[in-house]
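Please have the model open as you read.

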Amino acid sequence: MAESGHGSGGPPPSSPHYRYLDLLFALLGAAAFLADLLADLWVASSYMQAGHCFWGGLVLALLGLSSLAMQFFSWAWYQTDDIEQDLPSGCCLALVHLLQLGYLYRCFRMLRVGWRVCRAETAPQQEQGYAVFLSHDISMLRLFETFLESTPQLTLSLSIVLHTNKVEHFQGLGICTAFLCVAWSLLDYHQSLRCFLLDKHELGLLSSTIYFLWNFLLICPRVLAVALFATLFPSYIGLHFLGIWAAMLLWVWLQGTAFMECPRWEWFYRATVAVILYFCWFNVAKGQTRQRSAIYHGFILVDSVLLAGSWLWYNAPLRERSYLLPVLLAALVCFVLGLLLRITYYMWLHPTLQTRCQASYDEVDTAEGLAGFRAGPAPAPVNRRMYQLSQNHCLVSLQAGRNWGNGVLDDMSL
């Protein structure tokens, strides 16, 4: 295990400002969630009306499982956070989540708090921090929903198109928007991480574009390879997923994550991260990220080549689907280009370089270091979960002896 590295100290970071632009994006995010939900129900009903009950059932199953996971995480965080204001009773809160309304309830609370903060001429730091606190949890839940429902459903839609060799209008639109939503959710998540960091700047236009592109270019070939294999071996794609998921789950466990406040709930987080890793890189622990990232991308590349190669072997020569050969070549080019863009980002555009902080590893606080908080005048709410994950991506300057928890930030340098 790599030793911890600490940079120079500095003044504690000020609470991020919640702007009208943030409120607009929050409103659009809630509207997009509802639109996506309605679109999923429309796709499922279209399949069933066409006599494809199995495909429609899969769409509903993915929708249901992702919703259950989101409600669980939302409810669990309400149980452990000590900063939430004006919450209903525990029974009412549990009923809201049982009705699968927990995420929308969080969106409503964030919009209400955000509107109050934006309307106030001089909103107190406590209110500003609380609005950002709520937005970070929603960003994390949106990321979970993306990889538990949107990405698997995208793979399913693509495999159905390849199987039938035709594209319905709703399928084509859904595939295009799903690709963009996946990459955008990663960008939104990454931006949420950065707002904690004293020595890190927010994403600029160039760095945002590069970060968006390398995520997009790495996810596309992976989804295509899985969809091709599912078209050829629909009975075995489930076994393949379970095998890779179990390997990723073991890998996450070996890295010793401590994301959830309750240790019994940590395995739910690890299982969710294992699903994300089936499609996309996700850093979960301190240590030398470069080596872990190289191992992961090498493994995913080999696995994707084997999946696509199996399809190509059994379908050669390509008579009815000759267009897929250049698509496969383009997917390989996309993967290589995505890796090059990622290297470019971390070598020249990473915020660590902007502040001349030299480091070859990242750091995550231990659970012990994050437990509890100090009292202080006008403390600013801070999201312990998102802050802890931010340590996976950037080297931070930490003042020795600080003590904080999910709710209050005081006298610390990030």
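The points below take a pocket, then a helix contact, then the cavities.

1. Ground rules. This is a predicted model, in which local features need pLDDT of at least 70, side-chain atom pairs count only at pLDDT 80 or more, and totals for chains, interfaces and linings use all residues. Residues are numbered from 1 along each chain as its sequence is written, and side-chain values use heavy atoms, with hydrogens and water left out.

2. The second largest pocket. About 1100 Å³ of space lies here (a pocket being an open set of points on a 1 Å grid over the protein atoms alone, with protein on both sides within 12 Å along at least five of seven lines; a volume is the space filled by 1.4 Å probe spheres set on points joined across faces, edges and corners). Its lining has 34 residues, and Leu58, Leu62, Pro152, Gly238 and Phe241 are the closest to the centre (lining residues have an atom within 4 Å of a point).

3. Helices H2 (53-80), H5 (125-164), H7 (205-232), H8 (237-254) and H9 (266-279) each supply at least two lining residues (helices are DSSP runs of H or I, at least four residues, numbered from the N terminus). H2 gives the most, with 11 residues. By class, the lining has 26 nonpolar, 8 polar and no charged residues (nonpolar: Ala, Val, Leu, Ile, Met, Phe, Trp, Tyr, Cys and Pro; charged: Asp, Glu, Lys and Arg; polar: the others, Gly among them).

4. H8 against H9. The axes of H8 and H9 come within 8 Å and cross at roughly 125° (axes are lines fitted to C-alpha atoms over the stretch in contact, with angles from 0 to 180 degrees between N-to-C directions).

5. The cavities. How many cavities of 30 Å³ or more does the structure hold? There are 4 (a cavity is a set of points where a 1.4 Å probe fits but cannot get out). The largest cavity has a volume of about 190 Å³. Of its 19 lining residues, Trp214, Asn215, Cys280, Trp281 and Phe282 lie nearest the centre.

6. Lining of the largest cavity. H7 gives the most here, with 6 residues. The lining divides into 14 nonpolar, 4 polar and 1 charged residues.
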